[in-house]
Amino acid sequence: MNKRKCILNLVRQSNKTADKNTEEYKRLKIVVSVLERYFQVYDMDNGTVHSQVFAMLYLSDKYYTYNQICKAVHIGKNTLVRYIEKYEKLAVKIFNQLKF
């Protein structure tokens with residue numbers, strides 16, 4: 001199984017925290033919400049599978065390996081790695097724009 005070292009991995013971990021009133025938790029939820037909607041619209045416009053990949057990586061209760069994700073959405077591992085890099089860059093941009 002591959003390790004996911006990125007800001008979005010905090011999303012999966014933050015869902016298990018007891019204190020959901022922290023500023024970091026609120027920011028993460030906003031970032032996830034924005035990304036989720038963005039990829040849904042992007043997929044409709046371009047015929048891609050970003051929303052499925054994003055959901056499997058960060059929103060699902062089940063932990064999927066990269067190989068499982070690749071098989072489920074019919075993409076190559078290199079494509080998945082590029083997608084993850086794209087998600088990370090977008091998340092950092094959105095996270096940096098949030099000024100609370």
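Mentor: The largest nonpolar core contains 27 residues, and those with the most contacts inside it are L8, V53, L57, L80 and Y87. A nonpolar core here is a set of buried Ala, Val, Leu, Ile, Met, Phe, Trp, Tyr and Cys residues joined through side-chain atoms within 4.5 Å. Two or more residues of this core come from each of helix 2 (23-46), helix 3 (50-59), helix 4 (66-73) and helix 5. Helix 5 provides the largest share, seven residues. Buried denotes a relative accessible area under 20%, exposed one over 50%, and partly exposed one in between, with a 1.4 Å probe and protein chains only. Helices (H or I, at least four residues) and strands (E, at least two) are DSSP runs, numbered from the N terminus.

This is a predicted model, in which local features need pLDDT of at least 70 and side-chain atom pairs count only at pLDDT 80 or more, whereas totals for chains, interfaces and linings use all residues. Residues are numbered from 1 along each chain as its sequence is written, and side-chain values use heavy atoms, with hydrogens and water left out.

Of its 100 residues, 39% are buried. Contact means heavy atoms within 4.5 Å; among contacts between residues at least 6 apart in sequence, 59% join residues at least 24 apart.

Helix 3 buries H50, V53, F54, M56, L57 and Y58. These residues lie on the same side of helix 3, because they cover an arc of only 165° around the axis; the arc is that of the directions from the helix axis to the C-beta atoms. In helix 4, the buried residues are Y66, I69, C70 and V73. Their arc around the axis is only 100°, so they too share one side of helix 4. An α-helix has 3.6 residues a turn, so residues three or four places apart point the same way. The buried residues of helix 4 pack against helix 3 and helix 5.

Just after helix 4 comes H74, with a positive phi of about 60°, although H74 is not a glycine. H74 belongs to the loop between helix 4 and helix 5. Its relative accessible area is 71%, so H74 is exposed.

The other histidine to consider, H50, is in helix 3. H50 counts as buried because its relative accessibility is 3%. Leaving aside neighbours within four places in sequence, H50 is in contact with F39, Y42, D43, Y83, K86 and Y87. With Y87, the side chain of H50 also makes a polar contact of 3.0 Å. A polar contact is a pair of N or O atoms within 3.5 Å; within protein, one must be able to donate a hydrogen and the other to accept it, and residues adjacent in sequence count only if both atoms are side-chain atoms.

Y87 also belongs to an aromatic cluster, in which ring pairs link Y38, F39, Y42, F54, Y58, Y83 and Y87. Rings of Phe, Tyr and Trp (its six-membered ring) pair if their centres lie within 6.5 Å; planes under 30 degrees apart count as stacked, over 60 as edge-to-face and the rest as tilted. Over the whole structure, the search finds seven aromatic pairs. One of them joins Y38 and F39, and it is edge-to-face because the ring centres are 5.2 Å apart with the planes at 65°. Y38 counts as partly exposed, at 37% relative accessibility, whereas F39 is buried, at 0%. Over the face of Y42 lies K86, at 4.4 Å from the ring centre; a charge sits over a ring if NZ of Lys or CZ of Arg is within 6 Å of the ring centre and within 35 degrees of the ring normal.

V92 lies in helix 5 (residues 77-97) and counts as partly exposed at 32% relative accessibility. Between V92 and L8 there are 84 residues in sequence but 8.9 Å in space, C-alpha to C-alpha. F95, also placed in helix 5, is buried at 18% relative accessibility. Not counting residues up to four places away in sequence, F95 touches I7, R27, L28 and V31. F95 and E24 are 71 residues apart in sequence and 9.8 Å apart in space, again C-alpha to C-alpha.
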